Amino acid sequence: MEIQAILPSKGRDLRLDLFRGVANWAIYLDHIPNNVVNWITTRNWGFSDAADLFVFISGYTASFVYAKMMLERGFIVGGTRLTKRVWQLYVAHIVLFVIYIVAIGYVAQRFSDPEIINEFNVAGLVANPIETLRQGLLLKFKPVNLDVLPLYIVLMGLFPPVLWLMLRRPDAVMIGSFVLYFAARYFEWNLQAFPEGTWYFNPFCWQLLFVFGAWCALGGTVRSRSIIASRGMLWFCLAYLVFALVMTMAGRFQDFGDLFPRWLYDAFNPNDKTNLAPYRFLHFAVIVVLVIRFVPKDWKGLEWRGFDPLIKCGQQSLAVFCVGVFLSFVAHFELTMSSGSLMAQILVSVIGIALMTLVAYYISWSKQQDKPARPAAKPATQAAPAAPVAASGLEAQPARSQLQDSGVPAVSPAMIAAAQSSPE
């Protein structure tokens, strides 16, 4: 089949790094209960939040990284490289999983606080540790706040054939993703969790954001440029953002929510995150449209020094995410054991983000040290008699070859010096 996708232009897109850094910081803050600082994150001002952004960018990044490889080197090579990335994600999840449950168990035992085991959904380790760990390796058992990486692993693991088809029929794949999304919502498809229930992030529904990211990366936004740039789309996006803000605030404050008809309030509250409610996906799509319209890839503002920490955290996203999940547990426990004052909330938020940023800078520096050092360039030496030739823009060696080819003997500087020094 003919390739119909439009590959992204060469060069790193700092917008992806910036917004992935924003997602990592926001996920850390949102995972800390009773923290006033997380009011700055997008979940309090609309239907979508950092998880939507994380999944979308994951699909976008996977596409433009592996699409060209798949085209140039074949499906097998591209697919195996994707599988290698899935393995890296799985190993990171298992390491985080072990550290996380050990930390929770240690805190519960050290401070005689058994409730924290139930709060973070690790009570099964006490009653049936072997089976619980086995289910954890199968991604079925997930402590609280460890739901995003398993979703990412599943979506990436199934992505090779999807990417192959999207390179050839991107719009058809996007339509198929919508069909699967609505079918999963209608028939209530989801994966089983352990010991009971289903996945918090339904992969049959959240695949829509992942595929949407891939579709945008492979030319979807280019083909839709006229719609994105239209005035009607701009007014629709702004109006929907205001509507989402009002409905979200209605869910946050009961007195304000009582001002609306019950049918309208119930349609958007509580926010259906597990199955990615249509109004939630639309809210995120509206944000994407506005970013594409007002923040181009070559926007000079991306070079502002103040964005450097966010961009660095986005570039080292996996490590920063894992560190952030662990630090969110530490911050939550610290607030629980302390007064939980406003100052304490601000302090744990700032310290956690600072540590995540420090990890990102260290990993970036460490990767630079692993690269072989470039050999120092040797200083160029040039003989004085050759200066006029060099100044004329011609190379000395080719000029000498032309003389030899014409039958004229080549004259070296040594011969000139010998002739000048010899008596007549």
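This is a predicted model: local features need pLDDT of at least 70, side-chain atom pairs count only at pLDDT 80 or more; totals for chains, interfaces and linings use all residues.

1. The largest pocket holds about 1,200 Å³ of space, and 45 residues make up its lining. Those that lie nearest the centre of the pocket are Arg-15, Leu-16, Phe-19, Phe-56 and Val-291. By class, the lining divides into 30 nonpolar residues, 8 polar ones and 7 charged ones.

2. Which helix gives the most to the lining of the largest pocket? That helix is α2, with 8 residues; at least two residues each come from α1 (14–30), α2 (50–73), α10 and α15.

3. Arg-15, named above among the residues nearest the centre of the largest pocket, also takes part in a salt bridge, in which its side chain meets that of Asp-13 at 2.9 Å, N to O. Both partners, Arg-15 and Asp-13, are buried.

4. The structure holds 14 salt bridges, and one of them joins the side chains of Arg-280 and Asp-52 at 2.8 Å, N to O. Because Arg-280 lies in helix α15 and Asp-52 in helix α2, this pair ties together parts that are 228 residues apart in sequence. Are these two residues buried or exposed? Arg-280 has a relative accessible area of 2% and Asp-52 one of 0%, and with buried meaning under 20%, both residues fall in that class. The pair also belongs to a network of salt bridges that links Asp-49, Asp-52, Lys-273 and Arg-280.

5. A further salt bridge is formed where the side chains of Asp-171 and Arg-223 meet, at 3.2 Å, N to O. Asp-171 lies in helix α9 and Arg-223 in helix α10, so this pair ties together parts that are 52 residues apart in sequence. Asp-171 counts as partly exposed, at 39% relative accessibility, and Arg-223 is likewise partly exposed, with a relative accessible area of 34%.

6. Helix α9 itself covers residues 170–187, and its length can be checked: at 1.5 Å a residue, its 18 residues should span 26 Å, which agrees with the 26 Å between its end C-alpha atoms. The residue that follows α9 is Glu-188, whose phi is positive, near 60°.

7. Which residues of α9 are buried? They are Pro-170, Val-173, Met-174, Ser-177, Tyr-181, Ala-183 and Ala-184. What covers these buried residues includes α8 (159–168), α10 (203–223) and α15 (278–294). Two of these covering helices, α10 and α15, were also named above among the helices that each supply at least two residues of the lining of the largest pocket.

8. Finally, Thr-357 has its place in helix α18, which runs over residues 342–370. With a relative accessible area of 11%, Thr-357 is buried. What does Thr-357 contact, leaving aside its neighbours within four places in sequence? Its contacts are Trp-25, Pro-309 and Cys-313.

Notes. Residues are numbered from 1 along each chain as its sequence is written. Side-chain values use heavy atoms; hydrogens and water are left out. Helices (H or I, at least four residues) and strands (E, at least two) are DSSP runs, numbered from the N terminus. The expected span of a helix is 1.5 Å times one less than its number of residues. Buried means under 20% relative accessible area, exposed over 50%, partly exposed in between (1.4 Å probe, protein chains only). Contact means heavy atoms within 4.5 Å. On a 1 Å grid over the protein atoms alone, a cavity is a set of points where a 1.4 Å probe fits but cannot get out, and a pocket is an open set with protein on both sides within 12 Å along at least five of seven lines; lining residues have an atom within 4 Å of a point. Grid points are joined across faces, edges and corners, and a volume is the space filled by probe spheres set on the points. Ala, Val, Leu, Ile, Met, Phe, Trp, Tyr, Cys and Pro count as nonpolar, Asp, Glu, Lys and Arg as charged, and the others, Gly among them, as polar. A salt bridge is a side-chain nitrogen of Lys or Arg within 4 Å of a carboxyl oxygen of Asp or Glu.
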